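Subject: Structure handover

Hi,

Here is the structure for your files. Please open it alongside this note. My findings follow below.

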Amino acid sequence: MHQASLPIDRRRGRAAWVAPVEGAADASVPPLAVFALERGAMRLTAVDAVAARRGLSVGLGLADARAMVPELVVVEAEPALDAALLEAIAGWCDRYTPLVGLDAPDGLFLDIAGAAHLMGDEAGLIDDLLRRLTDQGFTARAAIAPTAGAAFALARFGPADRMILTERAQIADALAPLPVAALRLEPAVVAGLERVGLKTIGDVVVRPRAPLVARFGAGLGRRLDQALGHLDEPISPRRPAPRLMAERRFAEPIGADVDIAATVFSLAEGLAEALERRAQGARLFELSLYRVDGAVQAVTVGASRPLRDPAMVVRLFVEKLGRFADPDAVGYGYDMVRLAVMATGAD
C-alpha cells in the first residue's frame, strides 16, 4: 500500500466499510492533510493528492503548511483507527492467501506461494488485488518479488504502481536505483548513508561490506541480505494458518441462505476427503464470506468431537446462515466463500 495514503483514504470515507462522502473525488474538495506531534513539533504525516500538487509533503511543519496553502483542511492523526482499517484490509486480503502479515502503519505482506494460480498467474493476482482496492476507494501500490524485502522496496519506492520480479537474479538490478530508505533502515542510518554520498541501494551494494557494517551497524547488512535473498525472512502471518481449507469463487455473487448452505456442504465434502486421508476429524471450523464491496463476514464454530460429515458441518453453522443472508449483511453479495479447518483431532 502506498506510503501515507491509508489515513487519507479513511478520512475521505471512500472505503467500502466507511460511509462514503458525497463529492469526495470532486475537484472542488479542498486539500487534506493529517498531522501529529513529531520531533517536538506538529508535522504533516499524510497528504492527499491535491495537497501534494500544492507543494505539501509528509514531514512539513503544520504552520508552514497552513502558510503555503491557507485553505488546507487538517485533521489530527488517529493511529488506532488507521490500525483497525489496516486489519480490516488484511482480513479482506485473506481471499488471496491466509498468510497475511501486517507492515504497520499502512502496508501488508502476502505470502502468495502456491496461490497465484487461483487468479491465473502472478500478473492476474496483482491486477485483481489493485483493481478491487481501487474500486473500494484506496490508493494502493503492490509488488511481487522472491523476497519480502524486495517486494517492500518496489511497492513503496519502485517506478510503477505494480511490479513483478520472478527470479532472484533480477533483484539486485531492480533495487539498485532505489533510495537506501527502501531497505527498511532506521532514519538515522538512512541520513548517515546519504551524508557520505550513498544514496541508492546500488551505491551500498558495490561498497565493501565490513566498513559499512562497522560504521552503520549490523542492521544494514541484515536488511540488504534479506532484500537480495541471501538471508531468509519468512512472513509472520497475523493469524494462525488453517490446517486445511477449501474455497469457491463466484462469477455471479450469492446471498441466499440456501445458496450459502449448499456452498458450505460442497466445501465440507472436499475437506472430508482430505481429513479421511489423514484419519482425522475437524474440531474447529472457520467460515468466511467475502463480499463484492470488500467487507468480510466470518464466524468460527467448534465441534464437541472430531467430525468430517458434510451434513453435520452444515448443521454447526445453521444458526449463523440466516445472519449471513440478511440483506444488511449481504450487501451486493458474496463472490467468494472459504471453509477452513483450524484444529483437528483423531477419529
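Is valine 213 buried, partly exposed or exposed? Valine 213 counts as partly exposed, because its relative accessibility is 27%. The cut-offs are these: buried is under 20% relative accessible area, exposed is over 50%, and partly exposed is in between, with a 1.4 Å probe and protein chains only.

Some ground rules. This is a predicted model, where local features need pLDDT of at least 70, side-chain atom pairs count only at pLDDT 80 or more, and totals for chains, interfaces and linings use all residues. Residues are numbered from 1 along each chain as its sequence is written, and side-chain values use heavy atoms, with hydrogens and water left out.

**The chain**

The chain has 347 residues, and 48% of them count as buried. Its secondary structure comes to 14 helices and 11 strands. These are DSSP runs, numbered from the N terminus: helices are H or I with at least four residues, strands are E with at least two. The C-alpha atoms fill a box of roughly 65 × 50 × 35 Å along the principal axes.

**Two residues**

Valine 213 sits in helix H10 (residues 209-216). Aspartate 121 is 92 residues from valine 213 along the chain, and their C-alpha atoms are separated by 39 Å.

Proline 234 is in the loop between helix H11 (218-228) and strand S8 (244-254). Proline 234 is exposed, at a relative accessible area of 66%. From proline 234 to glycine 158 it is 22 Å, C-alpha to C-alpha, and 76 residues in sequence.

**A helix pair**

Helix H12 (residues 257-277) packs against helix H13 (residues 310-325) at an angle of about 150°, with the axes 9 Å apart. H12 is therefore roughly antiparallel to H13. Axes are lines fitted to C-alpha atoms over the stretch in contact, and angles run from 0 to 180 degrees between N-to-C directions. Roughly antiparallel means over 145 degrees.

**The second largest pocket**

This pocket has 41 lining residues. Leu110, Ala143, Ala145, Ala151 and Ile235 lie nearest its centre. H5 gives the largest share of the lining, 6 residues.

A pocket is an open set of points on a 1 Å grid over the protein atoms alone, where a 1.4 Å probe fits, with protein on both sides within 12 Å along at least five of seven lines; lining residues have an atom within 4 Å of a point.

Best wishes

Terms used: Parallel < 35°, antiparallel > 145°, perpendicular 65-115°, else oblique.
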